[in-house]
Structures are given as C-alpha cells and as structure tokens.
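Reader: I'd like to go through the labels on this model and hear what stands behind each one. Could you take me through them?

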Amino acid sequence: MNKPLTAAVSPLHGRLALGGIGLAVAISIDLHLRLSGQVSPVWQTLSEYVYGKLGSSSAAPLFSVMCLALSLGSVALLAGIAKAHRPGTTAVCVLLGVWSAGLLVCGLVPVDPDGQARSLSGQVHNLAALTAFVALPAAAFVLTKRGRERCPWEPRRTTIRRLATASFASIAVVLGGFVVTLIVGPAQQDVTLGLFERLLFSIDVALLLTMVRPLLAVSRR
C-alpha cells in the first residue's frame, strides 16, 4: 500500500533559501581558492579571510556578502518553516533567527587579527559565532521532535538529527581548540582550528540543505 504524500511546504521560500546558501558556498570556495596563499585552511578560521587581499582590494566585503547570503537563505528557511504552522514552530524560528543574526554580526564585525590582543569587537564576533553555531543544531533537534503528526520533516528526521549531533561535536572540538590556544598561545597551537571549523561549516550547510528539502519536495510518509 502506497504511503500518503506530504505536499511541499513552500517552494518559493525553499528556492530563496537554496539561492542564499548556494551563493554563500560559492563565495566560500572562491575565497579558499584565491586566498590559499594568504590564509591557511588548516590553521586559520574562515573569519580571517576578512584580512585577505584580492589584488589591491580587501576581501572583507566579499566575506561580508558570504555571511549575509547565508543569513538571508536561513531567514527564507525560517519563513518556510513558519508557514508550516506545526507545534514548536515558534521555538524553531527563534533559534533560526539567532543563527541568522549571529551570521550577520560575524559579517559586519571582524574577528581579531591572528596573534593580536583581544578587542571588544573581536569578542563580539566570537560570541556571535558561538551563539549562531549552537542555535542551528538546536533548531534542528526541536524541528524533528517526536510526536508531531504529519510533520513534513519527519521523513528526514534521522538525517537531520545525525547532522545536528555532528555539528554539536564539531563545536565542542573548535571551542576546546580556542581554549587551548588561549592558554598556550598561537605559537604553540596544536589543534587545527581552521580545519575543524571548515568541517563544522560543511556539516551546517548540509544540515540547512536537508532542512530546506521539505519546503521544495513532495515526500511520502
């Protein structure tokens, strides 16, 4: 017996979300390729691309556009989820709003240059990044909470929760690496913060795309 179909939640919001996420990923790849000689993808974080040079121009505006695109794509996802009118939607939307706002702050407030003293703006950047990266997997767990009848995200519950768990694990590694670096200093840094942060970024992009899917696609329950 065929399972009943679950209609796409909101194709328009889904397409907008994919556009924002896709643009952010494209810019990220471009920054990695063009600034490979200036920023180490193993040791330095994504935020440090803000200090890169593209010819005679700063890479900061491009990095800001990347953060803005990912933020706007996430807002489109938020709007699509809100349209579904499911139990717990408010909590999910608040958490995705925190994620989106954190990305926006990261794009506007630069991280401290490597090896320099901690500044207020740098601390704001770090706090915004940490808050954002915690909020996204938390939103994923709330979105896929059991007991929701006919939830469009239920068919992808296992995948979403595995990615959210991997995201939390990556956050723990990155946060632990920052603490170690603060204690021993950048010169003695043994944890490859850049590599693990890029792993976290990749996991979160995959998580967002999995969460976007029900906005676009008809699925069987």
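Author: The protein has six helices and four strands, in the order β-α-β-β-α-α-α-α-α-β from the N terminus. Helices are DSSP runs of H or I with at least four residues, strands are runs of E with at least two, and both are numbered from the N terminus. This is a predicted model, so local features need pLDDT of at least 70 and side-chain atom pairs count only at pLDDT 80 or more, while totals for chains, interfaces and linings use all residues. Residues are numbered from 1 along each chain as its sequence is written, and side-chain values use heavy atoms, with hydrogens and water left out.

Reader: Why is Val-174 called buried?

Author: Buried means under 20% relative accessible area, exposed means over 50%, and partly exposed is in between (1.4 Å probe, protein chains only). Val-174 has 9%, so it counts as buried. This residue is found in helix H5 (residues 157-184). Across the protein, buried residues make up 45% of the 221 residues.

Reader: What does Val-174 touch, leaving out residues up to four places away in sequence?

Author: Leu-193, Phe-196 and Glu-197, where contact means heavy atoms within 4.5 Å. Glu-197 is 23 residues from Val-174 along the chain, and their C-alpha atoms are separated by 6.3 Å.

Reader: What makes H2 and H3 roughly antiparallel?

Author: The axes of helix H2 (residues 60-84) and helix H3 (residues 89-108) cross at roughly 170 degrees and come within 8 Å. Angles over 145 degrees count as roughly antiparallel, under 35 as roughly parallel, 65 to 115 as roughly perpendicular and the rest as oblique. H2 and H3 are therefore roughly antiparallel to each other. By class, their contact has 16 nonpolar, seven polar and no charged residues. Here Ala, Val, Leu, Ile, Met, Phe, Trp, Tyr, Cys and Pro are nonpolar, Asp, Glu, Lys and Arg are charged, and the others, Gly among them, are polar.

Reader: How do you know that Arg-34 forms a salt bridge with Asp-30?

Author: The rule asks for a side-chain nitrogen of Lys or Arg within 4 Å of a carboxyl oxygen of Asp or Glu. For Arg-34 and Asp-30 the closest N and O atoms are 2.9 Å apart, so the pair qualifies. The count by this rule comes to one salt bridge. Both residues lie in helix H1 (residues 11-34), four residues apart, about one turn of the helix.

Reader: And why are Arg-34 and Asp-30 called partly exposed?

Author: Arg-34 is at 47% relative accessibility and Asp-30 at 26%, so each falls in the in-between class.

Methods
Axes fitted to C-alpha atoms, helices over the stretch in contact; angles between N-to-C directions.
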